[in-house]
Amino acid sequence: MLLLPEPDLPCGADLLAEGRALARDWTLGPSAFLRHVGAASEYDFKLAQMARGRVMQHAQIGFRDPGKSRRAYAEIWEACAAQGVTVDRYGLCLDWSMALPRARRARAVRGTGMILPGIEDFTRLTEAAPVAAHFGDFVLGFPAAVENTQAALAAGSTAIGNLGQYFTFRIPGHDDDIEATAQTVRALGLIAAQPVPILVQSNLDDGFAAQFTDLASCLGMVLLERHIVTGLIGPPVGHCYGHHFSDPLSRLAFQRALAQVGAAPGTMIYGNTTAYRGSPAANFASLANYLLVDAAGQVGLPTGHAINAVPVTENERIPEIDEVVEAQLFAGRMAELAPGWLTLIDPAPVDAMAARIVAGGQAFADATLAGLAQFGVDTACPFQLLLSLRRMGARRLESLYGAGALDPEAPGGRLPLAPATILSELAEMADHALKGQPAGPALRGLRVMVATSDVHEHGKMLVEEILRRLGVTVLDGGVSTDPAVLAERVRRDRPDAVAISTYNGIALRYFHALRAAGVDCPVLIGGRLNQIPEGSNSSLPVDVGDDLAQAGALVCRAATDLAPALRGLAPD
């Protein structure tokens, strides 16, 4: 098997040299944060806060309207500071169309995130309040990696990502992996040439960690990314995790494992958003559950990760400014209370799991590098390493090089040393979705193709689990699949129905595109059923579930709707 069959691939060393040469004209600019804290970079600031034993805080901002984002930037910091709580850093959610160069952006499908047309728009944002700007989405890993990195640096940002997205995210209609890799390596060269350390941010949950079944494999990706970014290129890499770490033991053990391999300072620990399944009041329990663990971990063994309080309304809609403030004040109080819990935590099971994760992670990283070399990959070339890892994919990497014993019955083909909690979460959610549903063979024989309109695969995994339990034959329609590609797969495999999991901002547009591409079988669609109306000046999307139903889609607003909808398709 050839991972890199193309005869004239770019040379990693040449790409890095091109990126470094750009530093003659593109260097780190000033920012309100760097002036306020008196530090040369957030990397240096984090090291100082770790030495003090202080727990830092992170908030996510990304309203579609840049003006509202700037207002949020200032108001959140000011409101929290007035209550004695410091928000240290913001993660800035750019729209996925920002992944494309400005000259091609107008033709891209827009989502619900923030669009910053020019460098001055980046700068206006970072000057709005003394908070570290973390440009974490759709910068590195995409065709616009160089120009977005230039803009982020000019705006004074010293944490730029998201390298994790490079491995799994695809922009609809734009999937040239060679271009994305080349631009990313050039951007990393530019970052490496800066006079101060710039954190290359990587969200593991946006990358392969979301698809691995073993937390040891997740740590192995940390080691592989450090080998590429720091070992081969130079700048530090700061990892983020947390979306899918729902079990307190594994969440704390993974933080300890990161500390043991020297993966510090990290960027932040993301909120366990998959635990938000109920009303805001119920979600506060989940918020407290993960924040306490994260804060206690930073007090006990600092790794520089800021804790992230996700507003309890996020599973329903994009949170408003006052809800972000409320969550940050909650986090500040949790950080004050966390030290009192340390004496109640038994370190033995945490340390035992961390040891398994570290040993397995190192074995995975070593085996992966050796295996890629056997495939003819130059493991000293960052371009070849990145591209080959992306093309191998998470499941194949874990199946070939995972540290657990081989077991064809296990979900990943191996028995995990430290099982990823997403597996138990999916089982629990499937149990809930099918609770009270009538049993019987009525759906056996149905063939359903499952796909996602974007890169968020967990909705697809849940749908597939429910379908399998119902006896339905599952056909793979892919992740982040363009409507035209999905239509071709439908024509090829002729399923009885198509099930689409969608996340944010394109539900109605995607359904219409499927119909226009010739998909005439029943289409079930669920997830985040919203979209920003064409021509709207609002930064918020609106629900389009009723519009989808009127257009002919079978709308599944919750996982519990899936089985009844399918029964309506089953022959009598």
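Reader: Where does Thr 27 lie?

Author: This is a predicted model. In it, Thr 27 sits in the loop between helix H1 (12-22) and helix H2 (32-37).

Reader: Buried, partly exposed or exposed, that Thr 27?

Author: Thr 27 is partly exposed, because its relative accessible area is 43%, and the buried class needs under 20% while the exposed class needs over 50%.

Reader: How far apart are Thr 27 and Arg 468 in space?

Author: Their C-alpha atoms are 53 Å apart. Along the sequence, 441 residues separate Thr 27 and Arg 468.

Reader: On to sheets. What is the strand order in the open sheet of eight strands?

Author: The order is S6-S5-S4-S3-S2-S1-S8-S7, and the pairing is parallel.

Reader: Which strands are at its edges?

Author: S6 and strand S7 (268-269). Each of these two pairs on one side only.

Reader: Take S5. How many of its residues are buried?

Author: Five of the five residues in strand S5 (residues 199-203) are buried, so S5 is largely enclosed by the rest of the structure.

Reader: Which residues go on which side of S5?

Author: Leu 199, Gln 201 and Asn 203 are on one side. Val 200 and Ser 202 are on the other. Both faces are covered.

Reader: And how many bridges join S4 to S5?

Author: Two bridges join strand S4 (residues 159-160) to S5, and the strands run parallel. Ala 159 has Leu 199 of S5 as its bridge partner.

Reader: How many bridges between S5 and S6?

Author: Four, again in the parallel sense, with strand S6 covering residues 237-240. Opposite Ser 202 stands His 239 in S6.

Reader: Which helix makes a β-α-β unit with S5 and S6?

Author: Helix H10 (residues 215-233). The unit is right-handed.

Reader: Now peptide bonds. Is the one from Gly 161 to Asn 162 cis or trans?

Author: The bond from Gly 161 to Asn 162 is cis, with omega near 10 degrees. Asn 162 is in the loop between S4 and helix H8 (163-168).

Reader: What about the bond from Ala 264 to Pro 265?

Author: That bond is cis too, with omega near 0 degrees. Pro 265 belongs to the loop between helix H11 (248-260) and S7.

Reader: What is phi at Phe 138?

Author: Near 60 degrees, a positive value in a residue other than glycine. Phe 138 is in the loop between strand S3 (132-135) and helix H7 (145-154).

Reader: Why does Phe 138 count as buried?

Author: Phe 138 is buried because its relative accessible area is 9%, and the cut-off is under 20%.

Reader: And phi of Arg 494?

Author: Phi of Arg 494 is near 50 degrees, also positive in a residue other than glycine. The loop between helix H19 (483-493) and S11 holds Arg 494. Arg 494 is exposed, with a relative accessible area of 66%.

Reader: What about the open sheet of five strands, which order?

Author: S10-S9-S11-S12-S15, with parallel pairing. Strand S10 (473-478) and strand S15 (554-556) are at the edges. Each has a single partner strand, so one side of each lacks a neighbour in the sheet. From one strand to the next, the twist averages 25 degrees.

Reader: How does S9 pair with S10?

Author: Strand S9 (residues 447-452) runs parallel to S10, joined by five bridges. Arg 447 has Thr 473 of S10 as its bridge partner. Val 450 stands opposite Asp 476 in S10.

Reader: And S9 with S11?

Author: Five bridges, in the parallel sense, with S11 at residues 497-502. The bridge partner of Met 449 in S11 is Val 498.

Reader: How many of the residues of S9 are buried?

Author: Five of its six. S9 is mostly covered.

Reader: Where is Ala 517?

Author: Ala 517 lies in the loop between helix H20 (507-516) and strand S12 (523-527). Ala 517 is partly exposed, with a relative accessible area of 24%. Its C-alpha atom is separated by 6.0 Å from that of Ala 487, 30 residues apart along the chain.

Reader: Last topic, the surface. Which residues make the nonpolar patch?

Author: Leu 337, Trp 341 and Leu 344 make a patch of about 330 Å². Leu 337 lies in helix H13 (residues 321-337). At 38% relative accessibility, Leu 337 counts as partly exposed.

How values were computed: Residues numbered from 1 in each chain as written. Predicted model: local features only at pLDDT ≥ 70, side-chain atom pairs only at ≥ 80, totals over all residues. Heavy atoms only, no water. Patch = residues over 30% accessible without salt bridge, like charges linked within 9 Å, V, L, I, M, F, W, Y side chains within 5 Å. Areas by Shrake-Rupley, 256 points an atom, 1.4 Å probe, with all protein chains shown as cover. Salt bridge = Lys/Arg side-chain N within 4 Å of Asp/Glu carboxyl O. Buried < 20%, exposed > 50% of the residue type's maximum accessible area, 1.4 Å probe, protein only. Pairing = 2+ DSSP bridges. Right-handed = clockwise from strand over helix to strand, strands pointing away. Axes fitted to C-alpha atoms, helices over the stretch in contact; angles between N-to-C directions.
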